[in-house]
Every structure is written in C-alpha cells, then in structure tokens.
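Student: I would like to go through this structure and ask what stands behind each label. Please set the values against the cut-offs as we go.

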Amino acid sequence: MKVFAVGRRDVMRHLSLIAALGPSVFLCVFIATGAYVRLHLGYWPMSSDSINTPLMKVLNTAVFSAVSWSIYAFPVWLVTSAWLLLQRRFRLVANRAALYAGVIALTIVVMRFDPTPFTEFFFD
C-alpha cells in the first residue's frame, strides 16, 4: 500500500504551480515589507531613512529569497509546461501562464502607481 503515491504527471503539475506562484510570493513580501515599514516609522519612508531591526533583516532576506525564487522558477515553469503540453494538458498550462503573467502585471502596476515614496525606499 502506497501512502504517498505520486505519478510523474502529478509532480509536474505541482512543480508548475509552485513555479507559477513565485511572483505572487514576492508581491506578498513586498506588501508585508511596506506595512511593516509604515507601522514601524509611523510615516512613509524617504530614501534617506534607514531601518535596522531584526524583523527588517528577516524581511530583506525574504525579499531576496522571493526574487530568487521568481527568477529561477521561470525555467522550471518552462520545462514543466513543455512536459504538460506533451501530455496534452493545454488548459492547465494556460491557467499557469495566466497566473504567472497576471501576478507579474499586478506587481508592475502596484510598483508603478505607488502614491507613496515606499517603492523608491524599497529599491534603495
């Protein structure tokens, strides 16, 4: 009796989903960092402000990890999508592609139209 019996198709589906969720993790970490900075300082930071708290170091590490995950997950997503296309899972691949592209577009919109100086602070 196999308790954790997972076929190759299931592994590829799950890897494809994990890879497609990379940008959404970055967006969540970006929003969490913004909320923490705003609550910690009491005002929106300027480029010259510096925050050296243990939680900010954790958030910086999380940002680096999320960006790395988003960058390195893209080739994984391409390989799993190619595998799923060979399996004729067109709708699944289209859903993952829409998720990936939609979250990237949402992240760009959030950063581009940020009415506060937080995005400039974030990239400094």
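Tutor: We can start with Arg-38, which is partly exposed, with a relative accessible area of 32%. The model is a predicted one.

Student: Why is Arg-38 called partly exposed?

Tutor: Buried needs under 20% and exposed needs over 50%. Arg-38 has 32%, so it counts as partly exposed. Arg-38 is part of helix α2. Not counting residues up to four places away in sequence, it touches Tyr-43 and Trp-44.

Student: How far is Arg-38 from Phe-118, C-alpha to C-alpha?

Tutor: The separation of these C-alpha atoms is 8.8 Å, although the two residues are 80 residues apart along the chain.

Student: What makes α2 and α3 roughly antiparallel?

Tutor: Helix α2 covers residues 22-41 and helix α3 covers residues 54-86; their axes cross at roughly 160° and come within 8 Å. Angles over 145 degrees count as roughly antiparallel, so α2 is roughly antiparallel to α3. The crossing in which α2 passes α3 is left-handed.

Student: Which residues make the contact of α2 with α3?

Tutor: On the α2 side they include Phe-26, Val-29, Thr-33 and Tyr-36, and on the α3 side they include Leu-59, Val-63, Trp-69 and Ser-70. By class, the residues of this contact are 15 nonpolar, three polar and no charged.

Student: And why are α2 and α4 called roughly parallel?

Tutor: The angle between α2 and α4 is about 25°, and their axes are 8 Å apart. Under 35 degrees counts as roughly parallel, and α2 and α4 are therefore roughly parallel to each other. This crossing is left-handed.

Student: Which residues of α4 take part in the contact with α2?

Tutor: They are Tyr-100, Val-103, Ile-104, Leu-106, Thr-107, Val-110 and Met-111, which meet Pro-23, Ser-24, Phe-26, Leu-27 and Phe-30 in α2. The contact of α2 with α4 divides into ten nonpolar residues, two polar and no charged.

Student: How do you know that Thr-107 is buried?

Tutor: The cut-off for buried is under 20%. Thr-107 has a relative accessible area of 9%, so it is buried. Thr-107 sits in helix α4, residues 90-112. Leaving aside neighbours within four places in sequence, Thr-107 is in contact with Pro-23, Phe-26 and Leu-27.

Student: What orientation do α3 and α4 have?

Tutor: They pack at an angle of about 165°, with axes 9 Å apart. With the cut-off at over 145 degrees, that makes α3 roughly antiparallel to α4. α3 passes α4 in a left-handed crossing.

Student: Why does Phe-122 count as buried?

Tutor: Its relative accessibility is 18%, and buried means under 20%. Phe-122 therefore counts as buried. Phe-122 is in helix α5. It touches Phe-26, Phe-30, Thr-33, Val-63 and Met-111, not counting residues up to four places away in sequence.

Student: Which residues touch the most other members of the largest nonpolar core?

Tutor: Phe-26 and Phe-122 do, in a core of 14 residues. α2 gives the most, with five residues. Another core, of five residues, lies apart from it; Ala-19, Ala-20, Ala-73 and Tyr-100 are among its members.

Student: Is Leu-15 buried, partly exposed or exposed?

Tutor: Leu-15 has a relative accessible area of 35%, so it is partly exposed. Leu-15 lies in helix α1, residues 8-20. Leu-15 and Thr-80 are 65 residues apart in sequence, and their C-alpha atoms are 6.9 Å apart in space.

Key
Residues numbered from 1 in each chain as written. Predicted model: local features only at pLDDT ≥ 70, side-chain atom pairs only at ≥ 80, totals over all residues. Heavy atoms only, no water. Axes fitted to C-alpha atoms, helices over the stretch in contact; angles between N-to-C directions. Helix = DSSP H or I, 4+ residues; strand = E, 2+ residues; numbered from the N terminus. Parallel < 35°, antiparallel > 145°, perpendicular 65-115°, else oblique. Left-handed = near helix turned anticlockwise from the far one by under 90°. Contact = heavy atoms within 4.5 Å. Nonpolar A, V, L, I, M, F, W, Y, C, P; charged D, E, K, R; others polar. Core = buried A, V, L, I, M, F, W, Y, C linked by side-chain atoms within 4.5 Å. Buried < 20%, exposed > 50% of the residue type's maximum accessible area, 1.4 Å probe, protein only.
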